[in-house]
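The model comes next, followed by the points grouped by topic.

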Amino acid sequence: TKYQEKATAQMLVKAKPTNENTSSSGEEASEEKETVHKQEVKFNEDTILLEKVNYVEDSDNIHYELTIHQQTVLLALCLDVKNDNPMDGLTGEQMGAYLERLLQQHDDWMVYATGLLERAWLQSEGNHTRERALLQLQALADQHTNRLTLTQSTFQAAIEDSAPPSERLRNIHYIVYPPRWGALSDLAERYARIGIVTSAAEIYEEIELWDEVVECYRRAGKDKKAEEVVRKRLCETETPRMWAALGDITGDISNYEKSLELSDGKFSSAYVALGEHYMDKGDLAKAVEYYKTAVQIKPLSPQVWFRLGALSMRLLDWGTALQAFTEVVQQEPEEGDAWGNVAAIHMHNRNPAEAYPALNESLKLNRLNWRVWVSKLYTCMDLEKYDEAVQACLTLIDFKSKRNASEEIPHIEEKVARALVGNALKLYGTASSSGDAATLDS
């Protein structure tokens with residue numbers, strides 16, 4: 001940062017060509033290089049970050065000129081790090097070191113643009129770098145048009161300062177660069193993720209991703225605009241998705257039925273919407289039927305399976321509920337509530353041996369849910385796992401003492417305490433008579 005006083009470890013990529021005639025990067029840049037360099041978006045003056053790392057050793061701040069081919073090799077090594085490692089902080093730091101070295105030069109439009117694009121993707125999640133990253137993505141997307149935009153606000157920026165097509169395409173076969181519609185789609189998705197949904201909708205509309213356009217306008221509270229887009233699309237081409245979107249906006253279920261008619265009954269989202277409609281009206285049996293049809297068409301829908309399971313439990317259809325929640329935990333193993341519901345169904349069916357492993361899985365993911373601890377207490381009592389039952393009791397007592405009374409955590413019942421003490425004494429007597437040292441120690 002600008003105010004950093006203490007040096008910290010930083011990954012550095014040193015690249016020196018074998019050609020002895022290669023000159024230092026401090027030489028005067030050509031006119032072509034200046035055009036390429038104008039792609040970069042700088043940090044704002046009020047940011048605390050430097051444009052590039054300033055190393056303690058002067059030799060680390062010297063960079064040698066590389067050929068275009070050598071620069072693309074650096075870029076390939078950077079992408080190799082991304083392909084072979086999970087996207088965590090360490091992977092980002094390693095990629096950033098390669099990109100920093102690559103961006104020291106700006107000899108070729110496409111290579112430099114690819115480096116800027118990869119850096120923007122890395123920095124889009126950082127608190128201090130997100131703004132610059134989004135502006136950089138916007139600038140890279142705007143370079144494919146001559147229109148005046150946010151980053152091309154003058155005729156000179158849009159026309160005179162842009163590189164000619166021959167220069168842009170010169171080394172395109174060396175790198176992997178997305179098409180313009182892909183760059184715009186990525187930018188719109190990032191805008192929508194941080195709540196800039198109206199701008200995202202305008203970008204989606206430009207590349208004709210109409211489903212995303214409607215969704216963004218609805219998130220922005222512009223239902224009339226969304227309905228206008230949908231009706232305009234329906235006048236041009238009727239599609240099941242657009243009829244379903246119109247049903248979402250107007251609440252008219254006839255639109256969902258029209259969607260199913262056009263799709264020959266194969267559009268699962270329409271069945272889900274009808275299920276939600278009848279669930280809100282209180283007709284749970286009809287909602288379950290629509291949800292069943294939806295998961296038959298599209299089985300990989302854990303959220304719909306979860307709703308089907310929850311409604312089936314309310315209708316006391318335990319077989320369907322067990323099947324639904326089993327599908328959820330198979331597709332989403334980290335869904336703790338689904339594991340808890342699987343256990344609850346087995347407990348209702350008087351099958352504690354099947355409930356026990358489901359309860360353990362649920363507690364791995366949500367140890368602060370006192371209801372699951374209560375279920376585990378009674379399940380362990382049925383299975384004569386008294387040591388784990390005692391642990392559940394202690395946990396519930398701890399919750400009771402530390403949490404708000406409004407949670408209504410129950411007291412440990414007297415019959416539970418009597419059963420624990422009685423069975424503990426019984427086991428102790430049996431172990432003493434048989435000389436079972438392991439049981440006595442436990």
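Are Y271 and Y290 buried or exposed? Y271 is buried, and Y290 is buried as well; buried means under 20% relative accessible area, exposed over 50%, and partly exposed in between (1.4 Å probe, protein chains only). The model is predicted: local features need pLDDT of at least 70 and side-chain atom pairs count only at pLDDT 80 or more, while totals for chains, interfaces and linings use all residues. Residues are numbered from 1 along each chain as its sequence is written, and side-chain values use heavy atoms, with hydrogens and water left out.

**Overall content**

- The chain has 23 helices and zero strands; helices (H or I, at least four residues) and strands (E, at least two) are DSSP runs numbered from the N terminus.
- Of the 442 residues of the chain, 41% count as buried.
- Among contacts between residues at least 6 apart in sequence, 52% join residues at least 24 apart, where contact means heavy atoms within 4.5 Å.

**Aromatic pairs and a charge over a ring**

- Rings of Phe, Tyr and Trp (its six-membered ring) pair if their centres lie within 6.5 Å; planes under 30 degrees apart count as stacked, over 60 as edge-to-face and the rest as tilted.
- By this rule the count is three aromatic pairs.
- Y271 and Y290 form a tilted pair, with 6.3 Å centre to centre and 35 degrees between the planes.
- Y271 is in helix 14 (residues 268-281) and Y290 is in helix 15 (residues 284-297), so this pair ties together parts that are 19 residues apart in sequence.
- The ring centres of F306 and F325 are 5.2 Å apart and the planes are at 85 degrees, so this pair is edge-to-face.
- F306 belongs to helix 16 (residues 302-314) and F325 to helix 17 (residues 318-331), so the pair ties together parts that are 19 residues apart in sequence.
- F306 is partly exposed, at a relative accessible area of 25%, whereas F325 is buried, at 0%.
- One aromatic cluster is formed by Y271, Y278 and Y290.
- K385 lies over the face of Y356, 4.9 Å from the ring centre; the rule asks for NZ of Lys or CZ of Arg within 6 Å of the ring centre and within 35 degrees of the ring normal.

**Second largest pocket**

- A pocket is found on a 1 Å grid over the protein atoms alone, as an open set of points where a 1.4 Å probe fits, with protein on both sides within 12 Å along at least five of seven lines; lining residues have an atom within 4 Å of a point.
- The second largest pocket has a volume of about 690 Å³; grid points are joined across faces, edges and corners, and a volume is the space filled by probe spheres set on the points.
- Its lining has 25 residues, of which R241, D248, F267, S269 and V272 lie nearest the centre of the pocket.
- Helix 10 (210-219), helix 12 (240-250), helix 14, helix 15 and helix 16 are the elements that give two or more residues to this lining.
- By class, the lining has twelve nonpolar, four polar and nine charged residues; Ala, Val, Leu, Ile, Met, Phe, Trp, Tyr, Cys and Pro count as nonpolar, Asp, Glu, Lys and Arg as charged, and the others, Gly among them, as polar.

**Positive phi in loops**

- Most residues other than glycine have a negative phi.
- E208 has a positive phi, near 60 degrees; E208 is in the loop between helix 9 (197-206) and helix 10 and is exposed at 54% relative accessibility.
- D264 also has a positive phi near 60 degrees; D264 is in the loop between helix 13 (253-262) and helix 14 and is exposed at 64% relative accessibility.

**Residues in helix 15**

- A287 lies in helix 15 and is buried, with a relative accessible area of 0%.
- Leaving aside neighbours within four places in sequence, A287 is in contact with G275, Y278, M279 and L311.
- K292 is also found in helix 15 and counts as partly exposed at 26% relative accessibility.
- Not counting residues up to four places away in sequence, K292 touches L308, D317 and T320.
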